[in-house]
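Visitor: I am new to reading protein models, and I would like to learn how to read one feature at a time. Could you take me through this one slowly?

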Amino acid sequence: MGPLRVEVIGSCPLTPTRLAELMAGVRSVTELDAIAAILPGCWHMVASLAGVVRVQGSLSGLRRVFHTRVGGVLVAGDRADVLARVAGAGIDAQALAVRVACGRQVPPPLCERSFWRDVHAVAPDRYLRIDPEGEARELRWWRPPEPALPLGAGADRVREAPRVALAARGSVLGRVSADLSGGLDSTSLCFPGRPGGLARFADLPVGRGR
């Protein structure tokens, strides 16, 4: 049925050689769970092995996956509106009403619904598995880790994540822009993006009291 084929689309600071090393020994698309959990950046992953296709987006939900059927053939993509146009799908009045009533504060899982009938959204912690016969299932690939790390070790990992993400984007795009909402979350994440910010960010103290 052919060898493993994997495409990572988006921002991921891995060379093709390193990606091939990580994929060595993979015998099923299910085994990609562990690799997806450690890949840095923001990306879509499409993999094919033994006639089985796996399509998934980012855990953050920024890169989504949607699927529908067109003429009986399963089609997946990252734009629900494009799939709806191709499939001739109409607006889902219930999903639209929920969004109008709740605004931007739609609770999960309602916030993950597509606005179009018969266009299905894959939850960020799941991937779309397409079998050789064309049947599709949404399978969970990520679960919250157990709180096993001490505060200091956990803080180190949180501090390292934006450094890796910004370094990856800067090396590809040259410049990185960000939208400041005024909250502490966006301000903290934008700080490492300033000139010299990555170095200063690494020197920030780690809180021990909470």
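Visitor: Let me begin with a single side chain: is arginine 137 buried, partly exposed or exposed?

Guide: Please keep in mind throughout that this is a predicted model. The general idea is that a residue counts as buried under 20% relative accessible area and as exposed over 50%, with partly exposed in between. Arginine 137 has a relative accessibility of 41%, so arginine 137 counts as partly exposed.

Visitor: Which side chain does arginine 137 meet in a salt bridge?

Guide: A salt bridge is read from the distance between a side-chain nitrogen of Lys or Arg and a carboxyl oxygen of Asp or Glu, which must lie within 4 Å. Here the side chain of arginine 137 meets that of aspartate 131, with 3.9 Å from N to O. Aspartate 131 counts as buried, because its relative accessibility is 16%.

Visitor: Which residues are linked with Arg137 in a network of salt bridges?

Guide: Arg129 and Asp131 are linked with Arg137 in such a network. The side chains of arginine 129 and aspartate 131 are also joined by a polar contact of 2.9 Å. Arginine 129 is found in strand β7, which covers residues 126-130, and with a relative accessible area of 17% arginine 129 is buried.

Visitor: Which residues does arginine 129 touch, leaving aside those up to four places away in sequence?

Guide: The residues that arginine 129 touches include Val29, Thr30, Val52 and Val53, and also Glu135, Ala136, Arg137 and Leu139. Contacts can also be read for the chain as a whole: of the contacts in the protein chain with a separation of 6 or more, 51% are between residues 24 or more positions apart.

Visitor: How many salt bridges does a search of the whole structure find?

Guide: The search finds seven salt bridges. One of them joins aspartate 92 and arginine 113, whose side chains meet at 2.8 Å, N to O. This pair links distant parts of the chain, since aspartate 92 is in the loop between α3 and α4 while arginine 113 is in the loop between α4 and β6 (120-122), 21 residues apart. Aspartate 92 counts as buried at 14% relative accessibility, whereas arginine 113 counts as partly exposed at 32%.

Visitor: What are the positions of arginine 140 and aspartate 125 in the chain?

Guide: Arginine 140 forms a salt bridge with aspartate 125, and their closest N and O atoms are 3.5 Å apart. Arginine 140 lies in strand β8 (residues 136-140) and aspartate 125 in the loop between β6 and β7, so this pair ties together parts that are 15 residues apart in sequence. Arginine 140 is partly exposed, with a relative accessible area of 32%.

Visitor: How should I read the two ends of a helix, for instance what does aspartate 92 reach at the start of α4?

Guide: At a helix start, one can look for a side chain that reaches towards a backbone atom. A side-chain oxygen of aspartate 92 comes to within 3.1 Å of the backbone nitrogen of glutamine 94 at the start of α4. After α4 comes glycine 103, which has a positive phi, near 65 degrees.

Visitor: Which residues make the nonpolar surface patch?

Guide: Ile91, Leu96 and Val100 make a nonpolar surface patch of about 280 Å². Isoleucine 91 is found in the loop between α3 (80-87) and α4 (93-102), and at 43% relative accessibility isoleucine 91 counts as partly exposed. As a general point about helices, an α-helix has 3.6 residues a turn, so residues three or four places apart point the same way.

Visitor: How many aromatic pairs does a search of the whole structure find?

Guide: The search finds one aromatic pair. Phenylalanine 115 and tryptophan 116 form this pair, which is edge-to-face, with 6.4 Å from centre to centre and 75 degrees between the planes. Phenylalanine 115 counts as partly exposed at 25% relative accessibility, and tryptophan 116 is partly exposed with a relative accessible area of 22%.

Visitor: How many helices and strands does the protein chain have?

Guide: The secondary structure comes to seven helices and eight strands. The protein chain has 210 residues, of which 28% count as buried. The accessible surface of the chain comes to about 13,500 Å², and 57% of that surface belongs to carbon and sulfur atoms.

Definitions and conventions: Residues are numbered from 1 along each chain as its sequence is written. This is a predicted model: local features need pLDDT of at least 70, side-chain atom pairs count only at pLDDT 80 or more; totals for chains, interfaces and linings use all residues. Side-chain values use heavy atoms; hydrogens and water are left out. Patches are made of residues with over 30% relative accessible area and no salt bridge: like charges are joined within 9 Å, nonpolar side chains (Val, Leu, Ile, Met, Phe, Trp, Tyr) within 5 Å. Accessible areas come from the Shrake-Rupley method with a 1.4 Å probe; for residues, only the protein chains shown count as cover. Helices (H or I, at least four residues) and strands (E, at least two) are DSSP runs, numbered from the N terminus. Buried means under 20% relative accessible area, exposed over 50%, partly exposed in between (1.4 Å probe, protein chains only). A polar contact is a pair of N or O atoms within 3.5 Å; within protein, one must be able to donate a hydrogen and the other to accept it, and residues adjacent in sequence count only if both atoms are side-chain atoms. Contact means heavy atoms within 4.5 Å. Rings of Phe, Tyr and Trp (its six-membered ring) pair if their centres lie within 6.5 Å; planes under 30 degrees apart count as stacked, over 60 as edge-to-face and the rest as tilted.
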